[in-house]
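This briefing is meant for a reader who is meeting the structure for the first time. It begins with a term needed for the contacts between the chains and then goes through the topics one by one.

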Amino acid sequence: MADIAQMDDQEIDPNVLVRVDDLHMHFPIYKGILRRQVGAVKAVDGLTFDIRRGETLGLVGESGCGKSTAGRAILRLYDPTSGHVHINGKDIAELSRTELRKIRPQMQMIFQDPQASLNPRMTVGSIVSEPLDEHGIVSGKEKKARVGELLDAVGLNPSFVNRYPHEFSGGQRQRIGIARALALNPEFIVCDEPIAALDVSIQAQVVNLLEDLQSKLGLTYLFISHDLSMVRHIADRVAVMYLGKIMELTSVDKLFKTPKHPYTKALLSAVPVPDPKIEAKRERIILQGDVPNPANPPKGCVFSTRCPIAEDKCFKDAPKWRDLGGDQYVACHLAG
Amino acid sequence: MTDTNMNIVSEPLHEHRSLWGDVWRQFRTHKGAVVGVAVFTFIVLVVVLGPFIHTIDPTFLDIRNKNLAPTLAHPMGTDNLGRDMLAQVMAGGQVSMLVGVTAMLLSLVLGAFIGVIAGYFKILDGVLMRLTDLFLALPILPLLLVIIMLFRDSLRSVFGPETGIFILIVFVIGITSWMQTARIVRGEVLALKEQEFIIAARSIGTRRHRIISRHILPNVLSPILVSATLGIANAIITESALSFLGLGFPSDFPTWGRLLFDGKDFMQLTPARVIWPGLAISLTVLSVNYIGDGLRDALDPRIRGR
């Protein structure tokens, strides 16, 4: 996606809703009596990608690779260290607090832990109507009707409005979180591992609900997950993240059929196949060692320390984003 | 979607379940709290309405009837100057309870405010917490003495001897007892701030004062209520200590603490002189503690309904 930098000055493609451009999110490390900054955890280190209107972009990677941080930085719940995020043509990384508040309704988030993301002292009704109150969109009877409508849309009984979050099951709580995210009619929703804390049987329900809502309301999702099979089910395109950087970005079909990056290949080889015969013969690529410390990432390619095919240049130069054609992008010297 | 359809209970949509109705329903199930409310109300009623029934002036000296045991005319006996004890306990109760409640409210508001601000705004955290440490490190009694010496006379001349000293004592107790609350609240806020529901509120675009009032304050209510109930006891006892040192209210102005201290020298002769004020202080403190306990449970929706 080297062409993005040039395209910046040109008209933005109307099909692109979210454009993330060289996003960095570093958390400083302070040490000593004087609290001097001695380094930074590079949780997100140069992300560049587009999300098209109405699509679901999956963002996968192992724990601690910066997926959630990326999601939060894109919505500016963290102030990014550098880089730009354009949503509907507005650079939200640069907006002031008041301007940002005005466009908050366009972008919402669904959280990982449905227990922690709902205030235990508020009723379902007040949780779902909080966004409506904050932006003063509707009030009185209309608000009540809207809350009922939202609860209905996520498959909850509208008579639950006076109950508290602890009275619900995990899946129902996640539905409350989804209703809250939908309240302001957003265009873009970051789903931060929305199913990771749920039972497998409930996961499918919630994912189906998200898909239904997408087709009904024309939503655009950034779907963060570590569950490759779920991403395969819901996403249109997938970005694979490792240590704060994107390794490969392509459509779901291509990613699962012809993965190019050695890290993607290793990840895919870990997905079990629901057929004992194939499963027994399946060859796994086992990566050696651990994920390097994001405060001190390796020189050259971040994956070089664990890469089974690394060469000399991988340890020296960081690979560039390369377009392999057919909407497949990869950050690797050797792939192709 | 079985999980949603399974437990649809017929709960009419228009019937509004009010928060305070729920709180009251839960509060009633806490026996200790109900007894606490009854005792506290009883004490307040006696202290406020009692002087209209038992009309002896608490400062009236009746030397011939000194050191009396309880009689019909003097249900709690008299002291060594022949003053009626019941009248003194009731008059002292008005002052002591007013001091206790007002000083507690002041220290609570101050402590909660500083705690929330220090916990929520990182820039102010260092300054405010060092200020708290400073107050904690100050030797309280010498400080009280200095403050009272400095301001007693000017306040007395502005507000009159009783109101002036009341304001001074409430203020002094208030500003020397907020630190514990501030520390506890700050700790809770620091933990809460990173919770996902606060991040969710930010992603909605909730303004900061609303995040504090709607999400943070209700969730730090428990520690605040606990320090409030302890604060009343603390304030009543500090006021007693001040009166004992001769720095509180004037000596002919009864408070529970002063009655207790005046009575301690006559404990063997007329034990009633320490028993009644002591009992009044203990019962008030105990009942307030139970009320606080019940309130804390009633205000937590996770406990409510069990």
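A salt bridge here is a side-chain nitrogen of Lys or Arg within 4 Å of a carboxyl oxygen of Asp or Glu. By that rule A:E134 and B:R210 form a salt bridge, with their closest N and O atoms 2.6 Å apart. The model is a predicted one, and every value below is computed from it.

**The interface between the chains**

- On the side of chain B, 38 residues are in contact with 41 residues of chain A, and the two chains bury about 3700 Å² between them, with 47% of that area on carbon and sulfur atoms.
- The count of residue pairs in polar contact between chain B and chain A, both residues being at pLDDT 80 or more, is 16.
- At least two residues of the side of chain B that touches chain A come from each of α1 (2-5), α2 (19-29), α9 (196-204) and α10 (208-216) of chain B, and α9(B) gives the largest share, with eight residues.

**Salt bridges**

- Over all chains, a search of the whole structure finds 22 salt bridges, and across the interface of chain B and chain A the rule finds five.
- B:R207 also forms a salt bridge with A:E134, the closest N and O atoms being 3.6 Å apart; because B:R207 lies in the loop between α9 and α10 of chain B and A:E134 in helix α4 (residues 124-134) of chain A, the pair joins two chains.
- Which residue lies at the other end of the bridge between A:E134 and helix α10 of chain B? The partner in that helix is B:R210, and since A:E134 belongs to helix α4 of chain A, this pair likewise joins two chains.
- A:E134 is buried, with a relative accessible area of 3%, whereas B:R207 counts as partly exposed at 34% and B:R210 is partly exposed at 27%.
- A further salt bridge links the side chains of B:R214 and A:E130, at 2.8 Å from N to O.
- Within chain B, B:D133 forms a salt bridge with B:R130, whose closest N and O atoms are 3.2 Å apart, and both residues lie in helix α5 (residues 122-137) of chain B, three residues apart, or about one turn of the helix.
- In that pair B:D133 counts as partly exposed at 26% relative accessibility, while B:R130 counts as exposed at 52%.
- Salt bridges that share partners join A:R101, A:E130, A:E134, B:R207, B:R210 and B:R214 into one network.

**The sheets of chain A**

- One open sheet of chain A has eight strands in the order β6-β7-β8-β3-β9-β10-β12-β11, with mixed pairing; β6 and β11 (322-323) stand at its edges with a single partner strand each, so one side of each is left without a neighbour in the sheet.
- Strand β6 (residues 107-110) of chain A is covered on both faces, with A:M107 and A:M109 buried on one side and A:Q108 and A:I110 buried on the other.
- In a regular strand the side chains alternate between the two faces of the sheet.
- Four bridges join β6(A) to strand β7 (residues 188-192) of chain A, and the two run parallel; A:M107 has A:F188 as its bridge partner in β7(A), and A:Q108 has A:I189.
- Another open sheet is formed by four strands of chain A in the order β2-β1-β4-β5, with antiparallel pairing; β2 (36-52) and β5 (90-91) are at the edges with a single partner strand each, so one side of each has no neighbour in the sheet.
- Strand β4 (residues 82-87) of chain A is joined to β5(A) by two bridges and runs antiparallel to it, and A:H86 stands opposite A:D91 in β5(A).

**A buried helix residue in chain A**

- A:Q214 is found in helix α7 (residues 200-217) of chain A, and A:Q214 counts as buried because its relative accessibility is 12%.
- Leaving aside neighbours within four places in sequence, A:Q214 is in contact with A:G54, A:E55, A:T56, A:L219, A:T220 and A:Y221.

**Chain B as a whole**

- Chain B has 13 helices and zero strands, and its C-alpha trace spans about 85 × 50 × 35 Å along its principal axes.
- Of the 306 residues of chain B, 47% count as buried.
- Among contacts in chain B between residues at least 6 apart in sequence, 69% join residues at least 24 apart.

Notes:
Residues numbered from 1 in each chain as written. Chains lettered and ligands numbered in written order. Predicted model: local features only at pLDDT ≥ 70, side-chain atom pairs only at ≥ 80, totals over all residues. Heavy atoms only, no water. Contact = heavy atoms within 4.5 Å. Buried area = accessible area lost by both parts, 1.4 Å probe. Polar contact = N/O pair within 3.5 Å; in protein donor to acceptor, adjacent residues only side chain to side chain. Buried < 20%, exposed > 50% of the residue type's maximum accessible area, 1.4 Å probe, protein only. Pairing = 2+ DSSP bridges.
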